[in-house]
Amino acid sequence: MDAASARGAPVFFEPCVDSTNLFLRRMADSAADGTAVVAAVQTAGRGRLGRSFLSQEGGLYLSVLLRPEAAPERLPTLTPVAAVAVCRAVETVCGVRGGIKWPNDVLLEGKKICGILVESVLGGERPCVIVGIGVNANTPSFPEELRPIAGSIAAVTGQRVDLRALAAELLREFDALYAAWLPDGGRSVLAEYRRLCLNVGREALVGARRGLCLGVGDDYALIVRWEDGAEEALRFGEVSVRGLY
Ligand code: BT5
């Protein structure tokens, strides 16, 4: 343990891990609520749906283990809450305002600078949720296949990001938003999420279906009107939005 969070839970700082989510998963039976890990590099960074998240030196990779007494169907709203925490922390520490590609990517100038992965750990002795956040802060470059979509904060601001300051601010903002989420399920950050959401008013592509993103519902669903006029609230799955990357 290297430090303590605002709530007194341990915060580990690791030079290199496979995945900060896996790091916490391995201590899921014993770790205190709020335990966090911050890593400089991940060798097996994970995205959603079995995808990988490239986690080179220069980025910030962190996860927080939580034990909320909340119904499982409420847990997905932790993802947009974490995205708002990232936008707030990046604005405070780096002076730039990002936007959110629903539900879990933070973009700066059209490039993804952050991904979020929320996972429930149900099988063990004590169920918990692990919220993982990866930020391309000072990441110098990306492999060719990621160049069209991935970017770093430093590339936009021209200034090196203080990773310790960003980690501290991100943990602080997330902790504050999580404290509000516990009783209200994220309602108090909904207006801010809606302002930050880049999809609204843009095209939605889901598989071969095409539509227009109308807004974000009270439960953080993305409301889409398809070409045939039908409206749908998307709660999960993959929405690809044109014109963002
Ligand atoms: C995510 O998944 O974006 C969630 C990423 C969560 C990463 C954090 S880091 C700390 C914690 N520990 C972990 O192991 N994971 C979490 P998804 O929406 O599925 O996006 C994955 C896709 O983003 C990939 O298929 C690539 O196209 C792209 N990608 C991969 N690495 C990237 C990067 N560093 N920056 C931007 N885009 C990336």
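Modeller: Happy to; we will start with the ground rules, then go to the ligand, and then to some local details.

Modeller: This is a predicted model, in which local features need pLDDT of at least 70 and side-chain atom pairs count only at pLDDT 80 or more, while totals for chains, interfaces and linings use all residues. Residues are numbered from 1 along each chain as its sequence is written, and side-chain values use heavy atoms, with hydrogens and water left out.

Colleague: How many residues surround the ligand?

Modeller: A residue is near a molecule if one of its heavy atoms lies within 4 Å of it. The closest ones here are Ser19, Arg46, Arg51, Lys112 and Asn136. The shell divides into nine nonpolar residues, 13 polar and five charged.

Colleague: Which element gives the most to the shell around the ligand?

Modeller: Helices (H or I, at least four residues) and strands (E, at least two) are DSSP runs, numbered from the N terminus. At least two shell residues each come from α1 (20-25), β4 (60-66), β7 (111-121) and β8 (128-135). With four residues, the element that gives the most is β7.

Colleague: How much of the ligand's accessible area does the protein cover?

Modeller: Let us look at some individual atom pairs before the total. A polar side-chain atom of Gln42 lies 3.0 Å from a nitrogen atom of the ligand, and an N or O atom in the side chain of Lys112 is 2.7 Å from an oxygen atom of the ligand. Of the 790 Å² of accessible area that the ligand has on its own (Shrake-Rupley method, 1.4 Å probe), the protein covers 92%.

Colleague: Which side chain does Asp105 join in a polar contact?

Modeller: Asp105 is found in strand β6. At 5% relative accessibility, Asp105 counts as buried, where buried means under 20% relative accessible area, exposed over 50%, and partly exposed in between, with a 1.4 Å probe and protein chains only. A polar contact is a pair of N or O atoms within 3.5 Å; within protein, one must be able to donate a hydrogen and the other to accept it, and residues adjacent in sequence count only if both atoms are side-chain atoms. At 3.0 Å, the side chain that Asp105 joins is that of Lys112.

Colleague: Is the peptide bond from Trp102 to Pro103 cis or trans?

Modeller: Pro103 has its place in the loop between β5 (99-101) and β6 (105-108). Most peptide bonds are trans. From Trp102 to Pro103, with omega near -5°, the bond is cis.

Colleague: What is the phi of Leu49?

Modeller: Most residues other than glycine have a negative phi. Leu49 is found in the loop between β3 (36-42) and β4, and Leu49 counts as exposed because its relative accessibility is 68%. Although Leu49 is not a glycine, its phi is positive, at about 50°.

Colleague: And what is the phi of Glu109?

Modeller: Glu109 is found in the loop between β6 and β7. Its relative accessibility is 68%, so Glu109 counts as exposed. Glu109 is a residue other than glycine with a positive phi, near 45°.

Colleague: How many residues of α2 are buried?

Modeller: Helix α2 (residues 78-94) reaches 23 Å from its first C-alpha to its last. That is close to the 24 Å expected at 1.5 Å a residue, a span worked out as 1.5 Å times one less than the number of residues. Just after α2, Gly95 takes a positive phi of about 75°. The helix is mostly covered, and of its 17 residues the buried ones number 13.

Colleague: Which residue in the turn between β11 and β12 has a positive phi?

Modeller: Strands β11 (residues 222-226) and β12 (residues 231-234) run antiparallel and are joined by four bridges; two strands pair if DSSP finds at least two bridges between them. The bridge partner of Val224 in β12 is Glu232. The two strands form a hairpin with four residues between them, and the turn residue with a positive phi, of about 95°, is Gly229.

Definitions and conventions
Nonpolar A, V, L, I, M, F, W, Y, C, P; charged D, E, K, R; others polar.
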